[in-house]
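Please look through the sequence and the structure shown here, and then follow the paragraphs below from one part to the next.

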Amino acid sequence: MKACGTVHKYGDNVDTDVIIPARYLNSSDGNELAKYCMEDIDKEFATRVKKGDIMVANKNFGCGSSREHAPLAIKCAGISCVIAETFARIFYRNAINIGLPIIECPEAAKEINAGDTVSIDFDSGVITDETTGKSYQGQAFPPFMQKIIKAEGLMNYINENNQ
Amino acid sequence: MGMTMTQKILAAHAGLESVSAGQLIEADLDMVLANDITGPVAIHEVAKLNKKTVFDKDKIALVPDHFTPNKDIKSAEHCKCVREYAKEHDITNYFEVGEMGIEHALLPEKGLIVAGETCIGADSHTCTYGALGAFSTGVGSTDMGAGMITGKAWFKVPSAIKFVLTGKPNKWVSGKDIILHIIGMIGVDGALYRSMEFTGDGIQYLSMDDRFSISNMAIEAGAKNGIFPVDEKTIAYMEEHSVKKYTVYEADEDAEYDETITIDLSKLEPTVAFPHLPENTKTVSEAGEVKIDQVVIGSCTNGRIEDLRCAAKVLEGRHIAKGIRCIIFPATQSIYLQAIEEGLIQTFIKAGAVVSTPTCGPCLGGHMGILAAGERAVSTTNRNFVGRMGHIDSEVYLASPAVAAASAVTGKISEPAELGL
């Protein structure tokens, strides 16, 4: 599995309230939520983002609320992967459970610039900044999580294991 | 090697003799919780499962508390979805408007969680029940849905930071001031993926309501859970509220901690977190002149009876400053009724505050107290992120009920001492 796209870059502690503000939580439709994704810190994001693009941020990405609407909004906006220095733990679980690929890599998070073209190989965890030519080794998922991702989410994984 | 208190609870629920940090386990759940925002997503997800029946109708709690009483048509549809699911599956612990409260005040009050249990909730502040000596943590809707059907959840066993609380806090220093101080010290990711285990002789001076506030905000330091040892106060609380059998776990003496942080509670002062992160803390005495427009007292962090008593002590015989809106939310119907019986509500209304039915409303910018551009609020809630309570150009300052009430009287960030209290 691979992803390749243009980078949208953010800083530390991007919280779930800015990823998808609570005023839109009266909907749980991913495509509806995607229209407002990131609008409180990046008004143009929803119109600028293209399918396959990549989000890069620094530490503690997704902190705050447990709302699964946050990774869902990012996924439905077209983002193919989020790279961060670290993720908040509930966001981390939620992203895996709904099938939004995420990868921790402090060096890549720091060095990759907005607008760069980046590709990611999920099997090896290798992140390549095609613009600068530099490669980074991201943290690969433990085997247990790989099984959930391979099943395309927790619900399918449970179905497969209960058969 | 010894285990932390959290690790012992997890080991027991995974059927293992021992566990160690980093290990992936599957644990049995004693309680699985969702609300009107996260519940519908979970219900939609579980429809994908082959197995449709819930694992135990008594071990699921569905609490429509966020956008209730229904704030608009879409919210009404979400509540209806949760209500119908609860009815279809005969969920014992579904709480309708009129009997509900803010989930993290309601579940302990109804005795649904006791020491030694494991709980997941599709709400980040599910970590509140650590105050009772239980393992409880927030998850997303899919995890919650899976837990509701299977009765199990997977966890990576966390390492821990040990907080040794010593000494007796001064007058007007509450659990809220303690946790704000801690978050200011370690940062909003200071306990990321880890447990916060509280211990020390200072705990004896903390009421259950103080402890609920502290555990509640463990998530604001990124923690998986925040847990207290079980003492006489915990046991008295559980015996008053629950018929469930509890189990007391204690950390092993040789338990390994990533770090140990000692805090002398007697040195702490009323504390406030400036926008836009809970880690931006200052003591009120360092805050300077910060004029405000609104005060919110309530939420899963600070809407309990002691919080209301504390606010009433400050507001008794005083009046909210002209032009300031003070909105008070008792966290549950039972707390609301008790506040009426104790005369607290009378004090609030005479002081010029409004009192609302229990709801999470303003805390997350849902309804019942939204801020306009440029407005500032002092709030006893738990997050002050950009746009959290309304317009992206509004500001939220997090504080204790005492500081919030004093600020309502003066119209700027203040502590009770400024009123001669």
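**Contact between the chains**

The contact draws 43 residues from chain B and 36 residues from chain A, two residues being in contact if their C-beta atoms, placed from the backbone, lie within 7 Å. On the side of chain B that touches chain A, α2 (38-46), α3 (73-88) and α5 (141-150) of chain B each supply at least two residues; helices (H or I, at least four residues) and strands (E, at least two) are DSSP runs, numbered from the N terminus. This is a predicted model, in which local features need pLDDT of at least 70 and side-chain atom pairs count only at pLDDT 80 or more, while totals for chains, interfaces and linings use all residues. Residues are numbered from 1 along each chain as its sequence is written, and chains are lettered from A and ligands numbered from 1 in the order in which they are written.

Within chain B, the domain assignment, which is automatic or from a database, gives domain 1 (5-263) and domain 2 (271-419), and the C-alpha centres of these two domains of chain B lie 24 Å apart. Here 34 residues of domain 1 of chain B are in contact with 34 residues of domain 2 of chain B, and α6(B) gives the most to the domain 1 side, with 6 residues.

Chain B also holds an open sheet of 5 strands in the order β4-β3-β2-β5-β6, with parallel pairing, where two strands pair if DSSP finds at least two bridges between them. β4 (93-94) and β6 (135-138) of chain B stand at the edges with a single partner strand each, so one side of each is left without a neighbour in the sheet. Strands β2 (residues 31-35) and β3 (residues 60-63) of chain B pair in the parallel sense over 4 bridges, and B:Ala34 has B:Leu62 in β3(B) as its bridge partner.
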